[in-house]
Amino acid sequence: MLFTVVDLERDPINFSVALPPAAIDFGVEAEQLGNLASEGRAEVLHEHRGPKEIVADIRLKGSFKGMFQVPCARCVDPVEQILAEDFDLLFRPAEVDANGAEHAISTPETEIGYYENGGIALEDVLREQVLLSLPARTLCKPDCKGLCPRCGLNRNETACSCEQGPSDPRWEALAGLSSRIKP
Ligand SMILES: [Zn+2]
Ligand SMILES: [Zn+2]
């Protein structure tokens, strides 16, 4: 769903969507289960920067809720989790601040992003908001034993007979995968 300044200048848009799992690619951080529901309102806000310069910002206010599978930070087993959050975002045309001129915005509670080519896709916004809403560290259970750093076995399922020693960095990289959040 694309919100363009041209459309929003005519009328704000109230939206209510249910996006199927294939609509947004969340990468390895999260897998969507079932529909992702989102509703809210898109509108244009005009920033008056001088007698002649008026910047058309897109404001997107709403919420999302969906069921996701997130890899356990220790054993990478999938963990089901409901992710739900409100958002209130302001998007400025990318070219306006491109020359390095920083302008303070008068609504400090609102996060600022940028849009290109005259509009913004709801899917792009939701992708970022969902990833931002992920807990820093998801565990399948509080005492998850994780993967053995030497042989890679899931130690919740199998007690391996590895002694302590130099670990294989490939398993450590795998175990740390889900604790990295993309910017
Ligand atoms: Zn685990
Ligand atoms: Zn082992």
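A residue is called buried here if its relative accessible area is under 20%, exposed if over 50%, and partly exposed in between (1.4 Å probe, protein chains only). By that rule C144 is buried, because its relative accessibility is 4%. This is a predicted model, in which local features need pLDDT of at least 70, side-chain atom pairs count only at pLDDT 80 or more, and totals for chains, interfaces and linings use all residues. Residues are numbered from 1 along each chain as its sequence is written, chains are lettered from A and ligands numbered from 1 in the order in which they are written, and side-chain values use heavy atoms, with hydrogens and water left out.

The chain contains 3 helices and 7 strands. Helices (H or I, at least four residues) and strands (E, at least two) are DSSP runs, numbered from the N terminus. Read from the N terminus, the order of elements is β-α-β-β-β-β-β-β-α-α. The chain has 183 residues, and 38% of them count as buried. A contact is a pair of heavy atoms within 4.5 Å. Of the contacts in the chain between residues at least 6 apart in sequence, 57% join residues at least 24 apart.

The strands come next. Two strands are said to pair if DSSP finds at least two bridges between them. Strand 2 (residues 13–19) is antiparallel to strand 3, with 7 bridges in the pairing; here S16 stands opposite E39 of strand 3. Strand 3 also pairs with strand 4, again in the antiparallel sense, over 15 bridges. In that pairing V44 has I58 of strand 4 as its bridge partner.

A salt bridge is a side-chain nitrogen of Lys or Arg within 4 Å of a carboxyl oxygen of Asp or Glu, and the structure holds 6 of them. R41, E43, R59 and D88 are linked in a network of such bridges. R59 is partly exposed, with a relative accessible area of 22%. R59 forms another salt bridge with D88, the closest N and O atoms being 2.8 Å apart. D88 belongs to strand 5 (residues 78–93) and R59 to strand 4, so this pair ties together parts 29 residues apart in sequence.

Helix 2 (residues 122–133) has 12 residues and spans 16 Å from its first C-alpha to its last, close to the 16 Å expected at 1.5 Å a residue. The expected span is 1.5 Å times one less than the number of residues in the helix. The buried residues of helix 2 are L122, E123, V125, L126, Q129, V130, L131 and S133. They pack against strand 1 (2–4), strand 2, strand 3, strand 4, strand 5 and strand 7 (119–121).

Which atoms hold the zinc ion (ligand 1)? The SG atoms of C72, C75, C140 and C144 coordinate this ion at 2.3 Å. Donors are N, O and S atoms within 2.8 Å of the metal (3.2 Å for Na, K and Ca); water is not among the atoms, so sites may look incomplete. Along the chain the donors of ligand 1 follow the spacing C-x2-C-x64-C-x3-C. Four donors count as tetrahedral if all angles lie between 85 and 135 degrees; the angles at ligand 1 are 105 to 114°, and the site is tetrahedral. C140 is partly exposed, at 32% relative accessibility.

The zinc ion (ligand 2) is coordinated at 2.3 Å by the SG atoms of C148, C151, C160 and C162. This site is also tetrahedral, with angles of 104 to 114° among its 4 donor atoms, and the donor spacing is C-x2-C-x8-C-x1-C. C148 and C162 both lie in the loop between helix 2 and helix 3 (169–175), so the pair ties together parts that are 14 residues apart in sequence. C148 is buried, with a relative accessible area of 3%, while C162 is partly exposed at 33%.

Notes: Tetrahedral: all angles 85-135°; square planar, octahedral: opposite > 155°, others 65-115°.
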